[in-house]
Amino acid sequence: MTTTNDTVNAGIAHGLYTEGEGLADTKAPEGPIAGKWTQRQFDAALVNPANRRKLDVIIVGTGLAGGSAAATLGEAGYNVKVFCFQDTPRRAHSIAAQGGINAAKNYKEDGDSVHRLFYDTVKGGDYRSRETNVYRLAEVSANIIDQCVAQGVPFAREYGGLLDNRSFGGVQVSRTFYARGQTGQQLLIGAYQALERQVAAGTVQQFTRHEMLELVVSDGRARGIVARDLVTGDIETHTADAVVLASGGYGNVFFLSTNAMGSNVTASWRAHRKGAYMANPCYTQIHPTCIPVSGEHQSKLTLMSESLRNDGRIWVPKDRDDCDKDPRQIPEEDRDYYLERIYPSFGNLVPRDIASRQAKNVCDEGRGVGPLVGDFRRGVYLDFTDAISRMGRAAVEAKYGNLFDMYERITGENPYEMPMRIYPAVHYVMGGLWVDYDLQSTIPGLFVTGEANFSDHGANRLGASALMQGLADGYFVLPNTIRDYLAKGPFEPLQPDDPAVADAQRSVEERTERLLAINGERSVDSFHRELGNIMWEYCGMERSEEGLLKAIDLIRGLREEFWRNVRVLGAADTLNQSLEKAGRVADFLELGELMCIDALHRRESCGGHFRAESQTEDGEALRHDDEFLYVAAWEFGGDEGEPGEVGQPVLHKEDLVYEAIELKQRSYK
Amino acid sequence: MNLTLKIWRQAGPRHRGELKTYKVSDISPDMSFLEMLDVLNEQLNAAGEEPVAFDSDCREGICGMCGLMISGHAHGPEKTTTCQLHMRSFSDGDVITVEPWRADAFPVIKDLVVDRGSFDRIIQAGGYVSVNTGAAPDAHATPVPKANADRAFVAAECIGCGACVAACPNASAMLFMGAKVTHLSELPQGQPERMARVVSMVEQHDEEGFGGCTNVGACSQACPKGIPQDVISTLNKDLRSALRA
């Protein structure tokens, strides 16, 4: 085992960051893990129903985490304002999740329990998540299913009329509830309808086509946001007693990802710049079953549910000379079912990170399939021939029909006849703003839920856990923790001429004017695409010190060019999609550097992140609990004058303590 | 392939719009229709002309944000969303007209972008089950016959894109509304509010300026999710029962 205890971390040696004081969660109560959430709900102060309508809460984002929180806080009687950049809350990208949602219902009597869901999630996250938060997630999971069924979410059912379950990505019990391949859509519509009910009731005000561009912080508390009305261009300040960010993940820093075109980091990054720490930003999930890139024009990647791995078999030719042949002509003995070969007990159902990395490995060996993009074929086969002969075509169609149709629409190939081709793509980020047990960030009054926070998935997220976390946070956790903070309010109203408000508003106006005034040579997309290539190449599935140092240099150069040479046409006082994108890419250019610094400092392989300098003799990931058993929470380094020039970030470590679970090296062999 | 595009350009809600002609070349058949428009926008940006505004988000056919009238067809010649339409459905030399959805209840914001807030207001009028968080019984307390659950699911697949309205000669939103009514009417959870829901939603629909249904069926034909026309029958049946009661 290599150790770096005696050497200075490369990031410090190169002057890329400094280290500050450690930090810790102070909100989770003492005592056995199974009693903590009950205790916290009891300890958290209550707000008298008559006082709730005097308290204003702003929620940014209307996906599962934001929509459910807005609805629930509205039902409780708070005054809620909810913001989304889309034209209606129902478009949020939670809608695209296909596979399902985990819950410890044990309806199959197959040995599932809250403790087992907790255990699987911590283990799946490679022991880099916070134990207390994950236990609570498992605990409330069953309530989510009850709530959604009561709303009319049409989950899959058996002939007896009861709910069906399936086993999903890397676990051995059937605890995943699903609605064909559209689980995210159905759950989001449930939350959306609950939200619209509150809009009708007058407890929630909805601001669509509005984008948060700044956080208002006054007296050290989050007190509001500055948002741009994307239709009129008006810059508006909205104040409140607390602000909740439920603005999703930042996978689009890679340009090509399975995220929606509009998914962005701006809300989180603006809060980070105002003092919220960003935790484990380099933790990115690369999903194994996406449709491969077909050419230079590609604007986004499409994921197919990994439930496909339940019945499809993954292979590549043993011989690289067979890679351009019709796969149906390649005999069985010339195929390498590499996951079944390397991991006989889990086979094609190994966790996402392992499936992704092994796909990359076989393609790097030159055994990839599909069209050449650059010098490589980036694809492996996912073959349903055996499943069709075993179950019959009708059964395969009933189970996966919509996914097969989607594949055929995009590629023009029929997967019933020809094996699918798949390749990993960026799909989700486990990193995000640091929060305590109450989901409160390092700025008092700023709460962060769903994918935008960091807490539950460690270094790798298990399948069907994102939907669970979004709804757990929004329906059950946040509404019970935010009251402890709101009970201190209402706070002194902020006037429009208050310096905190005026400064935030002015900085947004200046930045908008600046972007429009540059009038350089290159489009916003060209910068975004170049940043994405750097991130994918050096901060993707495999990272090394040399590569990351190079990436940091490249990003700095690109960011400098951006502020000198970007071309944003059109005006500020109208719908201007180039201007919207420019603001988002400017923030991605700062985030990308921090992700590389975080990846550089974490000299271990863990979860979905393979660090070239940290591997076992047979090339498997090697974790270093002796050095890296902590959350890396980064404090913004400060502006250095010109736009895009930022100072050295400061690292704060939160030690991870496992009391209810034994720390183990993961092995799926 | 090389194409001629005639695209609706309109600077703002109160401006007059017009079709403008643009040429794009070297379009790959593997591109999506929206990626072809991305190419056009890069071209316009380089030439100093403001890019064409159009909506899209997930680009995988599920969020419902995209929606264009392509040579007179909502979402174009295939039965799918605009983002999932690929250029292999077109041929070299084609002239393609691209317009926004046309309906009084969907006013144009700019170029190809329209305001579909009327759909939210129809849902606000009753497209939900009134159950507060925490008030739910165990999920297995009420079994749902599979046939009902399946029909509810088919109706619930609606993505709220608005193609049904754009395709309808009356600009009626009956398919959208029928889908929601059917989704909730098929389930036991939707029964308590079933009658009040349909009346309230239909009132809102009419107030928004959507037209009436004359059973043309263009809505269902244009629907990228294949919502069947019989959801409108369910809506009419529920409405009749509600008004009689």
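**A buried asparagine**

I started with N165(A), which is buried at a relative accessible area of 8%. The cut-off for that label is under 20%, so 8% puts N165(A) in the buried class. A reminder to myself before going on: this is a predicted model.

Where along chain A does N165(A) sit? I found N165(A) in the loop between α6 and β5, the latter being residues 176-177. Next I listed what N165(A) touches, leaving out residues up to four places away in sequence. I got Y107(A) and K108(A), plus a run made of S174(A), R175(A), T176(A), F177(A) and Y178(A).

**α2 against α6**

α6(A) covers residues 131-151 and α2(A) covers 33-43. Their axes are 9 Å apart, at an angle of about 80 degrees. Angles of 65 to 115 degrees count as roughly perpendicular, so that is the label α2(A) and α6(A) get.

Which residues make the contact? From α2(A) I noted I33(A), A34(A), K36(A), W37(A) and T38(A). α6(A) brings E131(A), T132(A), Y135(A), R136(A), E139(A) and V140(A). I sorted the residues of this contact by type and got 5 nonpolar, 2 polar and 4 charged.

**Sheet β7-β8-β9, chain A**

Then on to strands. Three of them, in the order β7-β8-β9 of chain A, form an open sheet with antiparallel pairing. β7 (210-218) and β9 (235-239) stand at the edges with a single partner strand each, so one side of each has no neighbour in the sheet. I read off an average twist of 25 degrees from one strand to the next.

How many bridges join β8(A) to β9(A)? I get 5, with β8(A) spanning residues 221-229 and the two strands running antiparallel. One pair I wrote down is G224(A) with its bridge partner T239(A) in β9(A).

**Strand β17, chain A**

I looked at two pairings of β17(A). With β13(A), residues 313-317, the pairing is antiparallel over 3 bridges. R313(A) has D383(A) as its bridge partner there. With β18(A), residues 420-429, I again find 3 bridges and an antiparallel run. In that pairing, V380(A) is partnered with I422(A).

**Over to chain B**

I finished with chain B, beginning with the overall numbers. Chain B has 8 helices and 7 strands. Its C-alpha trace spans about 60 × 35 × 35 Å along the principal axes. Of its 245 residues, 60% count as buried. The accessible surface of chain B is about 9,300 Å², with 48% of that on carbon and sulfur atoms. I also took contacts between residues at least 6 apart in sequence, and 68% of those in chain B join residues at least 24 apart.

Last item: the open sheet in chain B. What is the strand order? I read β2-β1-β5-β3-β4, 5 strands with mixed pairing. The edges belong to β2 (18-24) and β4 (73-74), each with a single partner strand, so one side of each is left without a neighbour in the sheet. For a parallel example I took β1(B), residues 3-9, which 4 bridges join to β5(B), residues 95-99. T4(B) stands opposite V95(B) in β5(B).

Terms used
Residues numbered from 1 in each chain as written. Chains lettered and ligands numbered in written order. Predicted model: local features only at pLDDT ≥ 70, side-chain atom pairs only at ≥ 80, totals over all residues. Heavy atoms only, no water. Pairing = 2+ DSSP bridges. Axes fitted to C-alpha atoms, helices over the stretch in contact; angles between N-to-C directions. Parallel < 35°, antiparallel > 145°, perpendicular 65-115°, else oblique. Contact = heavy atoms within 4.5 Å. Nonpolar A, V, L, I, M, F, W, Y, C, P; charged D, E, K, R; others polar. Buried < 20%, exposed > 50% of the residue type's maximum accessible area, 1.4 Å probe, protein only. Areas by Shrake-Rupley, 256 points an atom, 1.4 Å probe, with all protein chains shown as cover.
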